[in-house]
Amino acid sequence: MNLKPQHNVLSIRASVVAYVELLASASAQARYERDVPHAFVPGELIEADDQLLHIKSPAYVDAFTDAEHRDLAHLYGLIREAAPVEASTVAELQKRPEWRRVMTLAKNLAVQLNRNANL
């Protein structure tokens, strides 16, 4: 019998959805930078994917559909492409075309993830 720790799956999904929603919103990123002044937010936005996107963990695999996995992998790739971008503020990061591509995909993915959560 394969019992999945459902709370871990839901927790992982909720954390990833929150991260994707943050990536999707210019105003949320700016608010995060304002509310957490001691953090280097551009770096945190880019590096948080390493902490949240554990693509091989069983709970992570169970938390998303195959299509969502593909889209999250695409998002991860765009974030990695944006990683070398030099930006000292969120406003500077948001001006970069690499980061704009991350935000555009994140907007579409956030809609999909939230829609699928209600199925």
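A residue is called buried when its relative accessible area is under 20%. I wrote that down before anything else. The model I looked at is predicted.

**Entry: overall fold.** I counted the secondary structure elements and found seven helices and zero strands. Reading along the sequence gave me the pattern α-α-α-α-α-α-α.

**Entry: burial and surface.** I looked up the share of buried residues: the chain has 119 residues, and 39% of them count as buried.

**Entry: contacts.** I took the contacts between residues at least 6 apart in sequence and found that 74% of them join residues at least 24 apart.

**Entry: aromatic rings.** How many aromatic pairs does a search of the whole structure find? I noted one. Are Tyr60 and Phe64 buried or exposed? Both residues are buried.

**Entry: a charge over a ring.** I then checked Tyr76 and found Arg80 over the face of its ring, at 5.7 Å from the ring centre.

**Entry: Ala67.** I located Ala67 in helix 5, which covers residues 66-82. Its relative accessibility is 30%, so I listed Ala67 as partly exposed. I also looked up Gln112, which is 45 residues from Ala67 along the chain. The C-alpha atoms of Ala67 and Gln112 are separated by 9.8 Å.

Technical notes: Residues numbered from 1 in each chain as written. Predicted model: local features only at pLDDT ≥ 70, side-chain atom pairs only at ≥ 80, totals over all residues. Heavy atoms only, no water. Helix = DSSP H or I, 4+ residues; strand = E, 2+ residues; numbered from the N terminus. Buried < 20%, exposed > 50% of the residue type's maximum accessible area, 1.4 Å probe, protein only. Contact = heavy atoms within 4.5 Å. Phe/Tyr/Trp six-rings, centres within 6.5 Å; stacked < 30°, edge-to-face > 60°. Lys NZ or Arg CZ within 6 Å of the ring centre and 35° of its normal.
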